[in-house]
Amino acid sequence: AYLLGVQYRWSSSRERHQRLTVEMLERAVRLDPQFAVAHAMLSEAHSRMYHHRYDFTPERLEMARASVERAMELQPGLPEAHLAFGFFYYWGFRDYDRALEHFRFTAERLPNDPELLMGVFSVLRRQGRWDQALEALERWQRVDPQGYIATLTSAITYSVMREFEKAEQEHRRAISIAPDLPDAYCEGAWNYLLWDGATNRARQLLESAPSLDSPESDYTTLLLGLFERRPESTMAHLRDLSIAVFDLQLRYTPRDLLECMCLSEMGDWQRAQAACSSAIDLMEGEIQTRPYDYRIYSALGHAYALLGRSEEAVRAGQRAVELMGPSRDAFDGPTQEIELAKIYTRVGHSNLALDLILHGIHGRLVVLKNGRYDNVPIEAVTATTKLVDVPRFYNTDRLRPHYKKFMMQPMFIMTGD
């Protein structure tokens with residue numbers, strides 16, 4: 001049972017595999033209640049269930065705590081138990097400092113453990129310590145060169161850093177390692193969308209995937225249809241799905257909310273209003289049981305906005321950012337700011353949306369006194385307006401900066417000077 005649990009743990013982060021990991025490790029500790037390492041791994045599996053939102057409840061975290069404390073009781077100083085404690089604080093509470101304390105203890109005894117290296121990298125990335133995170137990622141990949149999770153994580157990281165070609169290479173490698181898993185296809189599609197905004201390559205990649213029972217694949221395909229302004233075919237695809245809520249790691253999207261978006265695009269306002277109202281009833285009920293779930297606030301903001309309930313929409317979007325913004329998580333946090341910007345746009349506050357996106361994610365535009373739009377790194381701007389090397393920093397054909405010049409740094413500022 002223990003070996004099966006270890007096997008499922010590393011096979012992928014899919015819900016089915018993670019639930020099997022928990023089941024096998026629970027069986028292992030029932031067979032041998034003194035098996036400290038199994039208790040530690042069971043704790044980590046519970047924490048992972050919470051992190052991936054497969055069971056985003058305090059009860060699941062309590063299971064994680066109980067298992068790791070039992071491991072410590074059985075074998076004080078066990079490095080695997082400290083590793084599990086690190087993930088408990090990281091995945092459960094975003095308590096990065098305490099997580100790193102336990103990871104450092106583990107590193108003294110298991111310096112080349114792939115899961116340890118993954119944990120250190122992940123915490124550094126969420127702290128926004130990108131240079132150190134990339135060094136940690138390289139160490140992890142040296143130890144686990146053919147690991148699917150390490151390769152996929154590398155691809156996602158490069159995509160976030162706008163190193164789209166590197167991300168594409170890593171997505172392809174992840175697919176070659178595990179062509180039957182959906183994650184790399186979905187993340188690769190998003191990489192293409194972020195790369196040039198076109199949907200053709202993203203759709204081709206999704207369509208190249210084997211037939212997979214994957215909410216992520218279905219959700220990404222539905223969004224592509226909306227991006228392509230094909231609400232009728234998107235609605236038809238949605239009717240073929242039995243899922244009531246797309247309950248994903250970063251997003252919580254009721255089926256009714258997607259229907260509302262499609263119907264709004266089709267101009268069927270009466271049915272759109274009914275669908276949005278149904279989605280709101282569902283989400284307001286969920287908020288009562290999970291008031292900490294920022295994903296629901298974000299989706300609720302979109303539903304309110306589609307119904308024209310502007311103040312409620314903005315409050316919900318702002319609450320999502322309060323719960324999980326960039327100051328708390330430099331990796332996932334910007335997603336909530338992007339969703340808030342979309343909500344601002346839906347309710348007609350496009351200036352606030354532009355300000356939020358550009359300030360929080362990329363910087364802001366500079367308006368020079370001569371009326372030209374130029375772009376400079378934040379640190380190059382002072383109280384005195386400066387001349388800018390536009391060809392170096394700015395793609396005038398596409399009206400956007402050369403992203404590679406700036407990595408994760410702010411790109412430009414807006415001022416009325």
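**Cysteines and helix packing**

Mentor: Cys260 and Cys276 are both buried, where buried means under 20% relative accessible area, exposed over 50% and partly exposed in between, with a 1.4 Å probe and protein chains only. Keep in mind that this is a predicted model, in which local features need pLDDT of at least 70 and side-chain atom pairs count only at pLDDT 80 or more, while totals for chains, interfaces and linings use all residues. Residues are numbered from 1 along each chain as its sequence is written, and side-chain values use heavy atoms, with hydrogens and water left out.

Trainee: How many disulfides does a search of the whole structure find?

Mentor: One, taking a disulfide as a pair of cysteine sulfur atoms within 2.5 Å. It joins Cys260 to Cys276, with an S to S distance of 2.2 Å. The torsion about the S-S bond of Cys260 and Cys276 is about -90°, so this disulfide is left-handed.

Trainee: And where do Cys260 and Cys276 sit?

Mentor: Cys260 lies in helix H15 and Cys276 in helix H16 (residues 269-289), so the pair, 16 residues apart, links distant parts of the chain; helices here are DSSP runs of H or I with at least four residues, numbered from the N terminus.

Trainee: What about Cys262, buried or exposed?

Mentor: Cys262 counts as buried because its relative accessibility is 1%. Cys262 takes part in no disulfide, and the nearest cysteine sulfur, that of Cys260, is 9.3 Å away.

Trainee: Switching to packing, how do H13 and H15 cross?

Mentor: The axes of H13 (residues 215-227) and H15 (residues 255-266) come within 11 Å and cross at roughly 15°; axes are lines fitted to C-alpha atoms, for helices over the stretch in contact, with angles from 0 to 180 degrees between N-to-C directions. H13 and H15 are therefore roughly parallel, a label for angles under 35 degrees, whereas those over 145 are roughly antiparallel, 65 to 115 roughly perpendicular and the rest oblique.

Trainee: Which residues make that contact?

Mentor: Tyr219, Leu222, Leu223 and Leu226 of H13 and Leu258, Met261 and Cys262 of H15, contact meaning heavy atoms within 4.5 Å.

Trainee: And at what angle do H18 and H19 pack?

Mentor: H18 (residues 310-323) and H19 (residues 333-346) pack at about 170°, with their axes 9 Å apart, which makes H18 roughly antiparallel to H19. On the H18 side the residues include Ala313, Val314 and Gly317, and they meet a set in H19 that includes Gln336, Glu337 and Leu340.

Note on methods:
Helix = DSSP H or I, 4+ residues; strand = E, 2+ residues; numbered from the N terminus.
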